[in-house]
Amino acid sequence: MMSTWFQVAKSLLAPSASDCLICGKKAQVSSEIPEVCKICQTSIPWIRNPRCSKCGRHVGCPDCSRSGDPGPIVCNRSAVAYTSVMREVLGQYKYRGNERLAPVLGLMLDRAYTVLQAERGQLRGEGSRQIHSKLPAIKGKFKRIGRASLWQADLLVPVPVSDARLAERGFNQAERLADILSRHRRIPQLPLLVRTHHTGKQSFKSRAERLADMKHAFAANPDLAIRAEFVYWLESAGLQTQSQPLQIIIIDDIYTTGSTIRACAETIHELAGSLGCTAEIYSLTWARS
Amino acid sequence: MQAAVYAVELEGDWSLWVSLHMNVDRIWWSGTRGERDGWNNRAADKLVLLSSALPLGWAVKLREHWDSSRAARQWQEEDWGRYMAEVLRTEIDVERRGGGSLNVGGLYTEVDENYRSAIGCEKGICADVLGAAAEQLMQVLDGRSLLQPEVEALLEEQLPGLAGQWRAAVQLCHLQGRLSVEAAVGAAPVLRSTGAWHTARATSARLLGAGRFPAVTGRLLRTAALRLPQLRLLRRGAGARRAEERCLRCGSAPTGRTACAACGLVGCAYCEACLALGRSRACALLLRSAASPAVRCTAGASPTVAARRWGLSAAQAGAAGAALGFLAEPRQRSAARSPERFLLWAVTGAGKTEITFPLLAAVLAAGGRALVATPRRDVVLELAPRLAKAFPAETLAVLYGGSADRWTHGQLTLATTHQLLRFYQSFDLVIIDELDAYPYHNDPMLAYAAEHACKPGGSFIYLSATPPTDLQRLARAGKLPHARVPVRFHGHPLPVPRHVGMSSVHVCLKRGALPGNLLQALRRSFARKAQIFLFVSRIAHIEGLLVLLRQDFPGAAIEGTSSRDPARAEKVEAFRSRAISLLVTTTILERGVTVPRSDVFILDADSSLFDEASLVQMAGRAGRSKEDPAGTVLFFSPQWTKSQRGAVAQIRTMNTIARRQGYISKGAGL
């Protein structure tokens, strides 16, 4: 009795060391990523300088050099290389349902956005169009005010999952990641796409199977409210009248062959075309395998 | 998931049901299937569908709060709506505040009165086929506690034909009273604490009623059972709000809450404690089978016969005899709510596994199911061939994370303690090995799982060389039946540790030299060609020590290993086969490793990371073989602490008891 009382008192007085979300051990938390310990934080395989400028891969990429065709996306950027540790982390989140990992993964994706932003800025110089000046001014100590010339995306679109998968898992990981990025960067997100058929788990398939499967796997969201929202957003931002293409980012958890992203991008191109505007589509994924 | 919920009137009594497949319920309550096996033959007077799709957690709550005395007979649509709103008041509030989009108003309008409308609902359902499917389903789900994805995985493997229509079959089993349909996270009924047990029995009263008509007889439960009066206290106001939410599978409080696409709520609670076995949430379907009564072992099994059959020593046979007596004992409380417990306190190297053989044999012979569980996966892998050899005629299921036997129904089951979360009132005998070991020790989730895996009238046997202090106290006070095996199988006393004063490892590493008395002792052990365990308290010390040791003993094969070492298994194997003669390690090797002709050195034995139990366990690595039963055990530390004193005292006590009982073989005295 006495000892339990003592233990409670001691636990109240002791400094709180929390469990690391990645390794599960009690350790000092890193300053950069919340709820991740210093050891795990230093071992994250960030992709800071992608080797393939197209798909954002950290190693040489035969897939992109194989075809000269420009494809439906401008480029992909990923936060981390899909190592076995990262696979375990994603599994914890996606399959086991440990949703406490969502903010961590979202924050990591945000870094990939910074990389993309920096690259685009260099390419386009000062000429990029500013829609965000139309939004109410963003104030906050973390925002670098005065860097208004930075490239910004106009819209985030998460890769949808099938209804069966959504019911099983309870959430769409791409949508949750897009949510975080959207809040952090003040970029709107819209679920413009739906999955028309259940393609089964991609992780059990070969490259050829995936490519064949992905054709017509996605369609424009038939939900009229979403479509109306999209049209309203285009009009209110005055985007339809401008000659410059929309800057859209597709969000997903992982880029493997890119077939999912390409299929989504094609559907978005069609949708944008039907509304009389053009789009430049990028993709941002948490991991690149 | 979402489920339908409806009320049904049968001979003036109203009951509330949750349905995964409304058509099955309509056929059931139409009472037209009386001739056919497995179906109800009494028609309901009235059926009121309260909602065709409600978050499962809400549907279950409505059912659990139903009080049959309610005068529902005269109720109109609005009354049903009011009842639902009243029971779900807290949930609706939380949802509104969270900005949920679920149409709560829909609760009232969806009430639909339906009289015997079985017409047209048989589309796609063949009652005979479904009856047979339900039979098959119960065979594979017997004794299980499974979430929907687990049920689906099990069916895919065991009954692939049923994979598409399992919902209908589950619903029929539920109506028959053989399967409970629960929300995996929900309000737990008031806990009834029995001694040291953390119980959170959340069995619905309906299922307990069903238990009186055992499915084991093969005869089906008749509707009479469904009319048993249900006594339930309706808690209101603050009491209802305080009703604790629990994960029914693991007993933990759900700490996560998230927007859920499966049930449509913005705040669907989920459990973070048992995520490793798939997510348990407020709208997740948890299926549990109704228990069959526990078998009773015959008292006829003579300990001496058992001893001869299994080749037990006198001390082993004595303990086995006591445990057999415990198993055969009639239970004092005939309607025992929790299993009876027995502690087998056997010193390190006593041959615990052999002692369990006659116990397992007795339960299996009585037609029961037995389980051996251990916290550690490597112990499971080591025990599996021994059990298979000892019980060649029984089906053995070996369960651990990723094992192939995952859905095998074994008469004898060997599992890691985590796997017990998948069982419900399944075993007549549960033996828990090394209950004081990580992670079982101090994990209420695993204790909850173990208790739920055992039938209410079943038996628990704990094995340990170092039982936790609360169990030791209960045993000493005579409140816990127990038997001690105070001597090793070879009949020699346990080596008693000696203390050697030495500065801390940290200081030695700083100084860059090991003290003379440690080196001298090591030299003696090398000279007698012993295998040396050198335990340290911190992984960080291993590297530095290896450098110093290799300088001092250039010819010797010296290695270090820890939980962070990927080559750990290979190094332990090399140590066993004498390719490595000195292994610097941490408490990861305190248990389960048997190396003949070994000496044990514990550095920083005064570290707070070594408690009494772990010192006894580490000391227990020495002198385990018949050929070298003595062995040296040395505690090196600047301080002589309570833990060290306790460990030495415990070892001495066991030796004294052994000598007094005459178990020490002649010429083996100290």
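Me: What kind of model is it, and how are residues and chains labelled?
Reply: This is a predicted model, in which local features need pLDDT of at least 70, side-chain atom pairs count only at pLDDT 80 or more, and totals for chains, interfaces and linings use all residues. Residues are numbered from 1 along each chain as its sequence is written, chains are lettered from A and ligands numbered from 1 in the order in which they are written, and side-chain values use heavy atoms, with hydrogens and water left out.

Me: How many helices and strands are in chain B?
Reply: Chain B has 22 helices and 24 strands. Both are DSSP runs numbered from the N terminus: helices are H or I with at least four residues, and strands are E with at least two.

Me: How much of chain B is buried?
Reply: Of the 670 residues in chain B, 58% are buried. Buried means under 20% relative accessible area, exposed means over 50%, and partly exposed lies in between, with a 1.4 Å probe and protein chains only.

Me: And what share of its contacts joins residues at least 24 apart?
Reply: The share is 76%, among contacts in chain B between residues at least 6 apart in sequence. A contact means heavy atoms within 4.5 Å.

Me: Now the aromatics. How many pairs are there?
Reply: Over all chains, the search of the whole structure gives 23 aromatic pairs. Rings of Phe, Tyr and Trp (its six-membered ring) pair if their centres lie within 6.5 Å; planes under 30 degrees apart count as stacked, over 60 as edge-to-face and the rest as tilted. One of the pairs is Trp28(B) with Trp39(B), which is tilted, at 6.3 Å centre to centre and 45° between the planes.

Me: Where in the chain do those two sit?
Reply: Trp28(B) is in helix 1 (residues 22–30) of chain B, and Trp39(B) is in the loop between helix 1 and strand 3 (46–55), so the pair links distant parts of the chain, 11 residues apart. Trp28(B) is buried at a relative accessible area of 3%, and Trp39(B) is buried at 2%.

Me: Which pair is edge-to-face?
Reply: Trp66(B) and Tyr83(B) form an edge-to-face pair, with 5.2 Å between centres and 90° between the planes. Because Trp66(B) lies in the loop between helix 2 (56–64) and helix 3 (77–87) of chain B and Tyr83(B) in helix 3, the pair ties together parts that are 17 residues apart in sequence. Trp66(B) is buried, with 1% relative accessible area, and Tyr83(B) is buried at 2%. Trp66(B) and Tyr83(B) also belong to one aromatic cluster with Trp14(B), Trp75(B) and Trp80(B).

Me: Which residues of helix 2 are buried?
Reply: In helix 2 of chain B, 8 of its 9 residues are buried. They are Leu56(B), Gly57(B), Trp58(B), Ala59(B), Val60(B), Lys61(B), Leu62(B) and Arg63(B).

Me: What about helix 11 of chain B: which residues are buried there?
Reply: Ala306(B), Ala307(B) and Trp310(B) are buried in helix 11 (residues 303–310) of chain B. Seen down the axis, the buried residues fall within an arc of 100°, so they line one face of the helix; the arc is that of the directions from the helix axis to the C-beta atoms. The face turned away from the buried side carries the exposed residues Thr304(B), Arg308(B) and Arg309(B).

Me: What covers the buried residues of helix 11?
Reply: The cover includes helix 12 (314–328), helix 13 (352–365) and helix 14 (377–390) of chain B. Just after helix 11, Gly311(B) takes a positive phi of about 65°.

Me: Which residue other than glycine has a positive phi?
Reply: One of them is Arg186(A), with a positive phi of about 55°. Arg186(A) is in the loop between helix 7 (173–185) and strand 3 (193–195) of chain A, and is partly exposed, with a relative accessible area of 44%.

Me: Last topic: what is the volume of the largest cavity?
Reply: The volume of the largest cavity is about 100 Å³. On a 1 Å grid over the protein atoms alone, a cavity is a set of points where a 1.4 Å probe fits but cannot get out, and lining residues have an atom within 4 Å of a point. Grid points are joined across faces, edges and corners, and a volume is the space filled by probe spheres set on the points. The largest cavity is lined by 13 residues, of which Val347(B), Thr348(B), Leu494(B), Val616(B) and Ile651(B) lie nearest its centre.

Note on methods. On a 1 Å grid over the protein atoms alone, a cavity is a set of points where a 1.4 Å probe fits but cannot get out, and a pocket is an open set with protein on both sides within 12 Å along at least five of seven lines; lining residues have an atom within 4 Å of a point.
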